[in-house]
Amino acid sequence: MNARTLLALSLLTAAPSPLFAQTHPEPYAVVAPAPMAPRAAKAPVPAISSIPEAPAVPASPEAAQAPPVPRVAPTPAAAPSTLAPPSPPAPPRKRGQMLNVRIDVTLADSKGVPKVLTMTVADGESGMNRTTAVSVTGATATDYSFNADASPEVVGDRIRLRLTADAVVPVEAEKPSAMVPKLALRQSQTVILNDGETVEIARATDPASSRAFILSVKVTIQR
């Protein structure tokens, strides 16, 4: 062993090394935990049984004396109807008196024989007369007609008469043929007549000649 080794050994044996010294730590002081403060008890929540009603407002003396208004249940809305409402019935037709009226209609021709048409109609009713004359010359037929529609209404001793008359006459009655032109006459009106009176109600003139036509009517109440 050399001198350095010996010197080191001598030093180790002479003083203990701090590396090998055992240190004992001081014991820790045990601290007791602080006691917890007691929790405050919560106040119990009261159960809500119902919503408090609003305080009643004192009524006036007039309202106190008035009787309570009854509650009416709402009426359910009626379902819309798809059918149209029925139309009201027509008023009954007015009937005339139990009387007949004789009506004489005359068509006077300045170049021919007058034509006369007669019918008897009940009061408030209507009548129709059709008269047709056919003139045949060889293979040609000419129609000459005289027609009338009448409706009388008796009021006392007077008659309200609605009359329509028409006639077809040849321009030259002496020579009827297919080439002879015809003249058509038509008259429609309402007149007031006295019982048994004959009245001229229309007059016409042929525009192509001086031929004149006069339409007159006579009414007679048959009681």
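Which residues is S216 in contact with, leaving aside its neighbours within four places in sequence? With contact defined as heavy atoms within 4.5 Å, S216 touches D104, V105, T106, T198, V199, E200 and I201, once neighbours within four places in sequence are set aside. S216 belongs to strand β8, where strands (E, at least two residues) are DSSP runs numbered from the N terminus. Its relative accessibility is 16%, so S216 counts as buried; the term buried denotes under 20% relative accessible area, exposed denotes over 50%, and partly exposed covers the values in between (1.4 Å probe, protein chains only).

The model is a predicted one, in which local features need pLDDT of at least 70 and side-chain atom pairs count only at pLDDT 80 or more, while totals for chains, interfaces and linings use all residues. Residues are numbered from 1 along each chain as its sequence is written, and side-chain values use heavy atoms, with hydrogens and water left out.

The sheet that contains β8 may be described next. It is an open sheet of four strands, ordered β2-β1-β8-β7 and paired in antiparallel fashion, where pairing requires that DSSP find at least two bridges between two strands. From one strand to the next, the twist averages 15°, an angle taken between N-to-C directions on a scale from 0 to 180 degrees, with axes given by lines fitted to C-alpha atoms.

Within this sheet, strand β1 (residues 100-109) and strand β2 (residues 115-122) run antiparallel and are joined by eight bridges. Two of the pairings can be located by residue: T106 has V116 of β2 as its bridge partner, and N100 has A122 of β2. In a regular strand, side chains alternate between the two faces of the sheet.

A nonpolar core is here a set of buried Ala, Val, Leu, Ile, Met, Phe, Trp, Tyr and Cys residues joined through side-chain atoms within 4.5 Å. The largest such core has 29 residues, and those with the most contacts inside it are I103, L161, L163 and V217. At least two residues of this core are supplied by each of β1, β2, β4 (140-155), β5 (158-170), β6 (182-194), β7 and β8 (212-222). Strand β5 provides the largest share, six residues. The surroundings of V217 illustrate the arrangement: beyond its neighbours within four places in sequence, V217 is in contact with I103, D104, V105, L161, L163, L193, E197, T198, V199 and I201.

Another salt bridge brings together the side chains of D149 and R130 (3.1 Å, N to O). Because D149 lies in strand β4 and R130 in strand β3 (residues 127-137), the pair ties together parts 19 residues apart in sequence. D149 is partly exposed at 27% relative accessibility, and R130 is likewise partly exposed, at 45%. A salt bridge also links E200 and R203, whose closest N and O atoms are 3.1 Å apart. Here E200 is partly exposed, with a relative accessible area of 44%, whereas R203 is exposed, at 53%.

Two further positions complete the tour. D123 is placed in the loop between β2 and β3 and is buried, with a relative accessible area of 4%. Neighbours within four places in sequence aside, D123 is in contact with G96, Q97, L99, P152, E153 and V154. K182, found in strand β6, is partly exposed, with a relative accessible area of 46%. The C-alpha atoms of K182 and Y144 are separated by 8.7 Å, although these residues are 38 residues apart along the chain.

Note on methods:
A salt bridge is a side-chain nitrogen of Lys or Arg within 4 Å of a carboxyl oxygen of Asp or Glu.
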